[in-house]
Structure formats: C-alpha cells, structure tokens
Amino acid sequence: ALCQQPGRARVFLHSTSTTVYPVTLIQQLWEHAYFPFFEGFVKRRQTHNLYRKALDTQWLPRGELEHLQLTSVNELLAHAKKRVPFYKESGSYPHRVSSLAELNKLPILTKTAIRKESQRLLAQGKESSAWWKATGGSTGEPLKFAHDLTSHEWRTAMSLRGYSWAGALPGTRQAYLWGIPSQPQGASAQLKEKLHQMLDRKRFYNCFDFGPTQMRRCYEELRTWKPQVIVAYTNAAYELARFIEQQELAPLEVDAVICGAEKVHPTQREKIRQMLASDVFDTYGSREFMLMAAECEKHEGLHVSMENVIVEVVDDDNQAVGDGETGRILVTDLHNYTMPFIRYEVGDLAKMSSRMCSCGRQSQLLEEIVGRSLDVIRMPDGRVIPGELFPHLMKDFPQVQRFRLHQKADYSLNLFVVTQDNGLDDTAEASIREGIFRLAKSDVPVTITVLDELPLTRSGKHRVTVSDVPQ
C-alpha cells in the first residue's frame with residue numbers, strides 16, 4: 001500500500017510480521033532490486049532466495065518445521081558418516097534417526113573435542129573450500145572452526161529475517177555499535193569497506209573504544225543521519241543511553257534497537273527505550289552459527305531459527321529440561337557440511353519455553369538466555385569497554401584455552417589464563433599486554449597469571465570478565 005506522510009518521502013507498508021513497518025521507496029528498491037542483483041548475479045550466492053523463502057517458512061506449523069529439521073539432520077548425518085572421519089569412525093553416530101527425540105542418544109560435541117580433532121572433523125574433499133574462523137567465545141574458550149558458502153548463506157538469511165522482525169528490513173538505514181577489530185588497514189581496504197557500508201546503508205561505531213568523546217560524536221552523527229534501527233552490543237547501547245541521560249541530551253528517535261552479544265536485562269531495556277528507541281529487541285547468536293534466535297514484536301521469547309539449527313536445552317544428566325528450567329544449550333548446524341557441528345555445546349545457559357508466541361509463529365521459543373552476561377570494564381578516564389573486547393583479543397592466541405579478566409576496584413586488571421602444556425611464552429604474554437594497552441588505551445596495571453584450571457563463579461558460570469569497579 002502506498003501512503004503519504006506529512007514532511008516525509010512516500011513510503012510503502014512492509015509487513016514481515018504482525019507489525020506493519022513504513023518503509024521508503026529506496027528501501028524497497030534496495031531489497032527487491034539491488035539485493036538480489038548483488039547476491040545472485042555479482043556474488044553468485046543464494047542469500048536472497050533463502051531470505052525470501054524464510055519469510056514464508058516462518059509461518060509454518062510446528063510439525064512442518066520439525067519435519068524440515070528431521071529431513072535436514074538425516075541428510076547431515078548421512079554426509080557425516082560418509083565423509084567426515086570423526087563421525088565415520090565413531091560407532092556412536094547413526095546414519096539417520098527416526099525422530100528428533102533420538103538425537104538425545106548421540107554424544108555431545110565439546111570445544112575440547114573440536115580443538116583436538118579439528119582435522120578429523122573436516123569433511124573429506126571439502127578442505128579447499130573451508131572458511132576458517134576464530135571465536136573468543138562468551139565463555140572464555142577460544143576456538144577455531146570451519147564452515148562453507150552454503151552455511152554462510154543460510155546464516156545470513158536467518159539474520160536478515162530475525163532483524164526484520166524489529167523493522168531492520170534489508171536496505172534500511174542501520175547503525176552498528178559493534179566490536180571493530182583494531183588491526184590497521186591499508187588505504188584500499190578502508191576505501192572498499194566504506195563503499196560497502198555506504199551501499200548497504202550501514203554505519204559502524206567501535207564500541208571497544210567508547211569513551212565520552214566517542215559517544216558524543218556517535219550521538220551527533222546518529223541525530224543527523226537518522227537511522228531507522230541500531231544494532232548493538234547490549235552494554236554499548238545501555239552505556240550510550242546512560243550518557244545521553246547524564247548529559248541531558250535530547251533522546252534519539254530510532255524505531256528499534258536490536259541487542260546482541262549479551263542478554264538484555266529489564267533495567268537496560270527500559271533505559272535504552274527511554275533514550276534511544278521506541279522498542280528494544282533481544283537476540284541470541286554466536287560466531288559459530290550467527291543468529292540462532294530473536295525476539296519478534298510480541299516479546300514473548302526468542303524464536304529459534306528452526307530451518308537452520310536444532311537447539312536443545314539439557315540438564316546435568318544431558319536430558320531435556322522441563323518448561324522454564326535452566327539448562328545447557330546444544331546446537332546442531334543443519335547446513336555446515338564442511339565441519340558438521342552435531343549437538344555442539346555452546347557454553348551458554350538458557351530456559352526453554354513450551355508456549356506458542358501470540359504472533360502466530362510456531363517456532364521453538366527460548367524463554368531467556370541465562371548464562372551470557374559479561375561485565376563492562378571501566379577506565380579511570382570514564383571510558384567504558386564492553387567485556388566482549390577480551391574474547392576478540394584472546395581468540396588470536398591459540399595456546400590460551402580459557403581465560404578470565406578480573407578488574408579490581410583500583411582499576412588494575414588481572415588476567416587469568418589456562419594454556420596448553422607448553423604454557424605462555426614471553427612473546428605471547430607481551431603481545432597480550434600490548435593488545436590490552438592498545439585496545440583499552442590505558443596504562444592501568446595488568447597482571448597475567450597462568451593457572452591449571454579456572455574455578456567457576458558462585459553461580460556456576462564461566463564469566464569472562466568480572467569487575468569490582470561499581471557498575
């Protein structure tokens with residue numbers, strides 16, 4: 001439907017959910033012309049087709065979604081038993097299962113197993129097409145893994161659909177308060193990145209360097225550029241909202257803020273809503289799988305991307321938890337055929353819900369992500385550094401198996417690490433110190449201690465960052 005709004009360009013009404021979002025003609029042209037041309041013709045990728053298909057499958061009944069999952073997981077199991085040594089040589093994995101419930105009989109894939117068996121987890125014949133990535137992990141266990149083009153297309157399509165529920169339709173103006181690597185780039189790389197962001201109608205702000213000066217500059221640019229949606233680390237959005245309030249600035253008028261990397265606590269959601277946007281959406285994802293679940297406009301839980309992943313929540317006996325009970329998250333990636341992740345333990349905790357969302361979607365709901373909060377680190381000059389900085393830093397040191405950063409009340413930093421047998425040499429330790437100083441832009445004292453094991457917190461979680469400085 002075409003409508004007119006006083007003082008604004010003509011807009012169309014676009015609905016990917018029970019909420020109808022006004023969108024500009026530019027957005028429509030981007031989504032239906034530039035996006036399919038760039039992805040399909042230029043990049044030869046299926047991302048656009050999968051996204052359009054996902055807009056339909058999101059409304060399928062639960063039984064049909066589970067049937068899709070069962071078909072996909074059996075195809076994955078057959079491939080793994082034929083082409084992947086880790087699964088092929090194990091008698092614990094069948095060629096197929098007759099129901100999703102039978103997955104409970106399969107072993108759990110751990111980070112330790114992936115580190116130890118990474119080459120045997122690669123599918124034979126897929127080595128040359130593997131896309132390798134590294135993750136610091138919200139639980140403090142760095143990991144290298146591989147996926148492929150098809151998996152990337154599915155992940156991107158699921159992210160686009162999940163973000164669309166918040167009005168972040170492809171082609172809308174989107175600002176990202178995100179973690180940006182601090183490694184220097186050449187002039188050509190910077191130009192290419194800026195051009196890419198301009199064509200995608202996106203702007204990025206480094207929340208790893210988010211002091212008062214940077215937040216003020218970000219605020220002024222957002223007021224002028226007027227993005228429809230902000231995508232942000234939860235703590236970065238919250239700190240910007242607090243900054244706007246403390247400086248007595250006019251609230252931003254953004255349609256929605258999509259939070260990631262950490263759960264959104266009620267007090268944070270309310271402050272972000274007051275100072276940044278009219279609505280706030282929580283999401284759940286990881287570097288291994290990208291977006292796995294997202295809130296819709298009803299905010300009754302996080303819808304799992306059932307077409308791309310199978311999510312289980314299990315107790316200490318590896319049995320499915322009851323409704324509303326907290327358990328460990330296991331994920332099966334249905335489309336990563338290069339390094340299949342079957343019942344992979346992410347390291348996060350969640351509560352499952354058996355309810356159906358009132359939006360009409362019947363996909364599985366996560367009631368709450370429980371074990372993923374990272375303390376922010378505060379510098380003496382008032383700058384706030386998200387805890388996610390340190391997983392990004394530590395992923396580049398493969399000898400570090402687990403770590404935790406503890407900030408004392410005097411702002412000093414104690415980094416505790418568990419390493420491989422050869423420990424942490426002087427070169428690696430110096431590089432870690434240099435990385436912390438460079439990213440934190442502070443000369444606060446840093447102590448690095450190598451331990452045999454990191455104890456759990458009193459809540460039973462592996463917290464990556466703990467700060468004694470008042471939050």
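The legends below describe close-up views of a predicted model.

**Close-up 1. Helix H2 and the helices around its buried residues.** Helix H2 covers residues 47-57, and its buried residues are Thr 47, His 48, Leu 50, Tyr 51, Ala 54, Leu 55 and Thr 57. These buried residues pack against helix H1 (25-42), helix H3 (62-83) and helix H6 (149-164). Tyr 51, which is listed among the buried residues of H2, also belongs to an aromatic cluster that it forms together with Trp 30, Tyr 34, Phe 35 and Phe 38.

**Close-up 2. The ring pair of Phe 37 and Phe 41 in helix H1.** Of the 15 aromatic pairs that the structure holds, this view shows the one formed by Phe 37 and Phe 41, which is stacked, with a centre-to-centre distance of 5.3 Å and an angle of 20° between the planes. The two residues are four positions apart in helix H1, so about one helical turn separates them. Phe 37 is partly exposed, at a relative accessible area of 46%, whereas Phe 41 counts as exposed because its relative accessibility is 51% and the cut-off for that class is over 50%.

**Close-up 3. The edge-to-face pair of Tyr 176 and Trp 178.** The ring centres of Tyr 176 and Trp 178 lie 6.4 Å apart and their planes stand at 80°, so this pair is edge-to-face. Tyr 176 counts as buried, with a relative accessibility of 9%, while Trp 178, at 26%, counts as partly exposed.

**Close-up 4. A lysine over a tryptophan ring.** The charged end of Lys 144 sits over the ring of Trp 132, at a distance of 5.5 Å from the ring centre.

**Close-up 5. Strand E16 and its two antiparallel partners.** Strand E16 (residues 365-369) pairs with strand E12 (residues 302-304) in the antiparallel sense over two bridges, and in this pairing His 303 stands opposite Leu 365 of E16. Strand E15 (residues 344-353) also pairs with E16 in the antiparallel sense, here over four bridges, and Lys 351 stands opposite Glu 368 in E16.

**Close-up 6. Two loop residues with positive phi.** Most residues other than glycine have a negative phi. Lys 226, by contrast, has a positive phi near 55° although it is a residue other than glycine, and it lies in the loop between helix H8 (212-225) and strand E8 (229-233). Glu 248, which is likewise not a glycine, has a positive phi of about 55°, and its place is in the loop between helix H9 (234-246) and strand E9 (256-260). Lys 226 is exposed, with a relative accessible area of 54%, and Glu 248 is exposed as well, with a relative accessible area of 73%.

**Close-up 7. Helix H10 and the elements around its buried residues.** In helix H10, which runs over residues 266-275, the buried residues include Gln 268, Arg 269 and Lys 271, together with Ile 272 and Met 275. The buried residues of H10 pack against H9 and E9, and also against strand E10 (280-286) and strand E11 (290-295).

How values were computed:
Residues are numbered from 1 along each chain as its sequence is written. This is a predicted model: local features need pLDDT of at least 70, side-chain atom pairs count only at pLDDT 80 or more; totals for chains, interfaces and linings use all residues. Side-chain values use heavy atoms; hydrogens and water are left out. Buried means under 20% relative accessible area, exposed over 50%, partly exposed in between (1.4 Å probe, protein chains only). Contact means heavy atoms within 4.5 Å. Two strands pair if DSSP finds at least two bridges between them. Rings of Phe, Tyr and Trp (its six-membered ring) pair if their centres lie within 6.5 Å; planes under 30 degrees apart count as stacked, over 60 as edge-to-face and the rest as tilted. A charge sits over a ring if NZ of Lys or CZ of Arg is within 6 Å of the ring centre and within 35 degrees of the ring normal.
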